[in-house]
Amino acid sequence: MKTRWVKSIYFAAVLALAAGCAAAKDGGDSSRKPFESGGPTSANLVEVSTEQLKEKGSLVPKGDRSSGLPDTRQIQIGMSKEQLVRVLESPDYEFQKSRYEGGELITREYWRYDVADSSYQFTPLADRNGYTVDVDFDGLRSGAVREQLIVEWDHDKVSQYIAYALKDGRVVSSYSGTADIPPGDSAANRLAERYGIEIGQTYRLPSGTDAAYALPRAAEREALFYPKPEQAFLVTALTEHYALIDFESDFGWIPIWYLTPETEEMSGMLPQDFAMKATTSLALYPNDSVERGVAEIGQRVQAIARYKDWLKVYLYQEQAENERAPRAGWIRERDVEPVKSDARSLSFTKAAVNANIRPGDAASKFKQIFGEPSFRESSEAVNMTGEPLQTLDVWRYETDAWQMAVTWSKDKTVRGIEFAYPEGETGYLSVVEMDGESGRLSHILRKEPFVRSVRKEEAWKFQSELAYNFLVGKAGSTLLVLADDGGYSGMHYDKKLYGVDAATGGKRWTIDVKNEELAYFISEDRRNVAVYTAYGDSPSLRYISANTGKTVWSKRFNRNSKEYENYRLEFSKANGVIVMQKSDWEGKRSGKLTAFDESTGKSLWTKTLADSESLILDRQSRDNVLIASKNRLSAYDSRTGKKRWELPENIDMSRFKSGLYENFPYSVDERDLGSPAPAERWLPAKDELLRIDTKTGKVTHRLPLIGEQSVEQANERYFLLITGSREWPNETFTTALYDTVNSEIVWEREGRGAGAIVKEDALYLALDGHPAALQLATGRTIWQSPLTDGGPRMILRGDELLVQGWKHLYTLRAKDGTALNRVAGQRFGYPDLREKPAVEGYVTKLGNDVYVGSGNGMFTKLK
């Protein structure tokens, strides 16, 4: 008997197939009997290559075992691995399986034992529909393997197991049971016997099927997903009353009755409240003896389906406070009487969301149940990059007791749901999330405040053609708005620079950048904008009117010409001059600088660069052009190209990236928004930051850096020094406040600070993602909000803080951190590798005006 190790993914008890499997979407009839093609067979399976197995983590065989399995009754829940090996010897396979629990992907370990002849060979197989098999149903049916045993481990202890064998031509299973339920055999399942439901076969399920659960226990159940009627599910195990089903990475237990033709007579109904006329047990399904709880006389229940004279009901949460999902069951209609429903109450909505709302439900159903939404909004972009911008409608229902956001597909069916309500006085929100495409459910507790939405008055709203929109500059009365599709590498297709009227929000001009490089500089008089785009074979530098977008002058650089072939062009600005650096991609040829007068485009001077020399990029207008080389920093007059000064400093050019400073340890907002650029500039040297007067070359401050320490500027005087490990999930950070006037650390405390604002004697910042206020002098906490969507940036507006979250925009009271509201209609998103524009450009305050970007194509000016 050969032993092997296979890595796959799946769920608890039996766990027949690995995650990533996809069920067949054709075949099967309306009676939900097995497909004619049956389960996986040798006729429709293909072998997975050795290379694929290695990618899955496969190991070499462990040895031979010639004897069969001992009596599995010797296996005890809670056994250690050493104890199990003493009983059963080493397994034939070790593998891992994962599933979503409470919104998190949980991975568990499994062992498989085979009883077969020594000639038995097993290679994990995949059929044309995507199944990957770790239980060998085909081998069991053919007799190639006589028994199989799957053991699940939880923290290196046996948590449950299941055994397979072939009996009378059918695969049978025996489930170990857990602390919550007794053991169960498939032979005891009378409905499966009556209707020919077999392990290893695929079935379709009716609308209104109960949710699939982590375990078929009566109380405190964790709903995993709602099976969708159009999907095919593989039955991987049976107990007396339950079937373990699998579809893709979703798997869980459902009552066996839902696989039978009897459900053809079940009909759904809008949620309706009833009161119990008598104390009655809840049945698992009609005519079943399993009790799922008791409904007391007078207790309110919500009915959501009917089968003959039976009603499927959910007990309201007040009678089941230990369960986040209401308890479901079937009762006789004669045992209840109708009562008036309150569709705005928490108990009604909680039951309806957990029981009645299903993937594919129509908008008309929601209106019938809940009425009109409190707010209509747009989702973040859902289109693939390279496709036209697409967002989805979002309906928000809000009361003082609960909130629900429903995202609609284009066909007006449920795409996703987030339902939240306060969990008593604990400060937690209980959140139910449903993915309408997969039907997956997540029950999550979040430590954050419960805030209502308000719609702040908007001066205007601009609609772009791409998902992500950031304010990157201001030229006179024209806002420069950068729009991006959010893709990267081979999935990045589109980028645009818009000129937007600051007064009206009207579009003045558009420059299409595609997926190429972009640089832009505002003229000294703020009437024009120089824009470099590297699109196509002829990159261009255009000098355009900020108000009209009309070209004043332009230059093209033919990539196919000898002068520019295999060269990279980069641009910087200095005191009315635009400087172009031409550098060889392969570093084989010397670089060259060319300075252009910004108003005319006339070439002013050129300079050949030594191998180690490189232009320091700048978007703002400062004195002199800075060039770094090994152990030297030089400044040249922007109009003449003559050297002005030189410092023996080794500037670390690896910290720069396309002028965006994405690898720069010093974070400062260097957008040109109209304020004069300071003459002093911070530059990274080895193990320190230098503050240099660009006019005189004087080093005015040296700030030591320790290891991977990063620096964020709070104002001209104060900086945050962030030190720590970024090794997820063991991230640990400390934040210190550094005073450049006294050259000292004022205080240091635990936590990662970001987005600091100094106001009088307070420091506002995000501390470990939570908005907070600290005493400027001591670092002691004045307040820290439990808001977890605190994001990286805040702005002060009067006595309020506008907090840019990862998804939403919030308003907090600056005095005590009280969460006042969520700003309706604003939706963020965070594209990869766009951290700097996302942090800086989403929410901007210019004077009394506030501009808000988005992840759904909108750019808004708030009043």
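Glutamate 680 stands opposite aspartate 693 in β48. The model is a predicted one, and this pair belongs to the contact between strand β47 (residues 680–685) and β48, which pair in the antiparallel sense over six bridges. The two strands form a hairpin with two residues between them. In that turn, aspartate 687 has a positive phi of about 65°.

On its other pairing, β48 is joined by five bridges to strand β49 (residues 699–704), and these two strands also run antiparallel. Here glutamate 688 has proline 704 of β49 as its bridge partner. β48 and β49 make a hairpin with five residues between the strands, in which glycine 697 takes a positive phi near 85°.

How many of the six residues of β48 are buried? Six of the six residues in β48 (residues 688–693) are buried, so the strand is largely enclosed by the rest of the structure. In a regular strand the side chains alternate between the two faces of the sheet. In β48, Glu688, Leu690 and Ile692 point one way, while Leu689, Arg691 and Asp693 point the other way.

In one, four strands form an open sheet in the order β30-β31-β32-β33, with antiparallel pairing. β30 (468–475) and β33 (507–512) stand at the edges with a single partner strand each, so one side of each has no neighbour in the sheet. From one strand to the next the twist averages 20°. Within this sheet, β30 and strand β31 (residues 478–484) pair over seven bridges in the antiparallel sense. One of the facing pairs is phenylalanine 470 with its bridge partner leucine 482 in β31.

The other group is an open sheet of four strands in the order β54-β55-β56-β57, again with antiparallel pairing. Its edges are β54 (753–759) and β57 (781–784); each has a single partner strand, so one side of each is left without a neighbour in the sheet. The average twist from one strand to the next is 20°. Strand β56 (residues 770–775) is joined to β57 by three bridges, and alanine 772 stands opposite glutamine 784 in β57.

Now turn to a single loop residue. Glycine 439 lies in the loop between β26 (428–435) and β27 (441–447). Is glycine 439 buried or exposed? Its relative accessible area is 0%, so glycine 439 counts as buried. Leaving aside residues up to four places away in sequence, glycine 439 touches Leu224, Phe225, Tyr226 and Pro359. Leucine 224 is 215 residues from glycine 439 along the chain, yet their C-alpha atoms are separated by 8.5 Å.

Finally, the chain as a whole. It has seven helices and 64 strands, and buried residues make up 56% of its 863 residues. Of the contacts between residues at least 6 apart in sequence, 53% join residues at least 24 apart. The accessible surface of the protein chain is about 36500 Å², and 45% of this belongs to carbon and sulfur atoms.

Conventions: Residues numbered from 1 in each chain as written. Predicted model: local features only at pLDDT ≥ 70, side-chain atom pairs only at ≥ 80, totals over all residues. Heavy atoms only, no water. Buried < 20%, exposed > 50% of the residue type's maximum accessible area, 1.4 Å probe, protein only. Contact = heavy atoms within 4.5 Å. Areas by Shrake-Rupley, 256 points an atom, 1.4 Å probe, with all protein chains shown as cover. Pairing = 2+ DSSP bridges. Axes fitted to C-alpha atoms, helices over the stretch in contact; angles between N-to-C directions.
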